[in-house]
Amino acid sequence: MTERLAEICRRIPRGKVFADIGCDHGYCTRYVLSHGLCERAYLSDISAGSLRKAEKLLSRSIAAGKCFAVVADGMKGLPERADVVLIAGLGGEEIVKILEEGYLPEKFVLQPMHNQEKLRAYLMAKGANLMRDYTFADGNYYYDLIAGENAGGKKDYTGEELFFGRENLRSPSPAFYGKWRQEETKLRSYLSRENLSEKSREELASRLERIEALHL
Ligand SMILES: C[S@@+](CC[C@H](N)C(=O)[O-])C[C@H]1O[C@@H](n2cnc3c(N)ncnc32)[C@H](O)[C@@H]1O
């Protein structure tokens, strides 16, 4: 298992029905079942080919009736409501779409690859309580993890907290600085190109301004 997956697994809370949406390989569900974190688990993926990998990995749990595999778009195909849901490795917008078309579960672990700001804004608007919201590293790659509950949120994130994550701003980690230094370098390189549209240039420059305000 990669360090990214290990970090995600460490954040999965105990529950009754667990669902791994966009499970692909199924490693996280294997962790959940082997650690007794749920009574039953659903593996779900929009791609039958991806799901087959997870079905193979979890064939014994499937045969034992502890795990069920469903080809589905988001949560739509699940035969029952899961109280703990993991959605990892998808874009923030895709995660919002899945939650919007499905439901905000009692407990969730989300690992958006990009558009974290949109996901945070969505969760805030839903009144979710973001118990963890931080950046971590796996080698030279940086990831964000957002874990929380569907109630008890105060809807009080500032614009900067939506962009960077509250926990990151309150107690910045080396991974957080690493991510934004990497992003700053990328943005400067994009902005040095001459063939950028005015709109793209403005968007990139405004992103860079926000990062510069961090005084990395
Ligand atoms: C990059 S992989 C991530 C796999 C795993 N969750 C992880 O974090 O390593 C994304 C997976 O999500 C699946 N996927 C994409 N959109 C989906 C959707 N709307 N509903 C269910 N699965 C989806 C893809 O088929 C793919 O297997």
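These legends accompany close-up views of pockets, aromatic contacts and a cavity in a predicted model. Residues are numbered from 1 along each chain as its sequence is written, and side-chain values use heavy atoms, with hydrogens and water left out. Because the model is predicted, local features need pLDDT of at least 70 and side-chain atom pairs count only at pLDDT 80 or more, while totals for chains, interfaces and linings use all residues.

**Figure 1. The largest pocket lies between domain 1 and domain 2.** A pocket is an open set of points on a 1 Å grid over the protein atoms alone, with protein on both sides within 12 Å along at least five of seven lines, where a 1.4 Å probe fits; its lining residues have an atom within 4 Å of a point. Of the 26 residues that line the largest pocket, Met 113, His 114, Gln 116, Glu 183 and Arg 207 lie nearest its centre. Two or more lining residues come from each of helix H6 (116-125), strand E7 (141-149), helix H9 (174-191) and helix H10 (198-212), where helices (H or I, at least four residues) and strands (E, at least two) are DSSP runs numbered from the N terminus. The largest share, seven residues, belongs to H9. Domain 1 (3-163) and domain 2 (172-216), with bounds from an automatic or database domain assignment, both contribute to this lining, so the largest pocket lies between them.

**Figure 2. The second largest pocket takes the largest share of its lining from strand E6.** This pocket holds about 180 Å³ of space, and among its 14 lining residues Asn 129, Leu 130, Asp 156, Tyr 157 and Arg 166 lie nearest the centre. Strand E6 (129-138) and helix H8 (166-170) are the elements that each give two or more residues to the lining, with five residues coming from E6.

**Figure 3. Phe 136 forms tilted aromatic pairs with Tyr 134 and Tyr 143.** Rings of Phe, Tyr and Trp (its six-membered ring) pair if their centres lie within 6.5 Å, and planes under 30 degrees apart count as stacked, over 60 as edge-to-face and the rest as tilted; by this rule the count comes to eight aromatic pairs. The rings of Tyr 134 and Phe 136 are 6.2 Å apart at their centres with planes at 50°, so this pair is tilted. For Phe 136 and Tyr 143, the centres are 5.6 Å apart and the angle between the planes is 35°. Both Phe 136 and Tyr 143 are buried, where buried means under 20% relative accessible area, exposed over 50% and partly exposed in between (1.4 Å probe, protein chains only). Tyr 134, at 8% relative accessibility, also counts as buried.

**Figure 4. Arginine side chains sit over the rings of Tyr 103 and Phe 163.** A charge sits over a ring if NZ of Lys or CZ of Arg is within 6 Å of the ring centre and within 35 degrees of the ring normal. Arg 81 lies over the face of Tyr 103 at 4.0 Å from the ring centre, and the charged end of Arg 210 sits 4.3 Å from the centre of the Phe 163 ring. Phe 163 also belongs to one aromatic cluster with Phe 164, Phe 176, Tyr 177 and Trp 180.

**Figure 5. One cavity of 30 Å³ or more is found in the whole structure.** In a cavity, a 1.4 Å probe fits but cannot get out. The largest cavity has a volume of about 30 Å³, and its lining includes Asp 73, Lys 76, Glu 94, Lys 97 and Glu 101.

Note on methods: Points joined across faces, edges and corners; volume = space filled by probe spheres on them.
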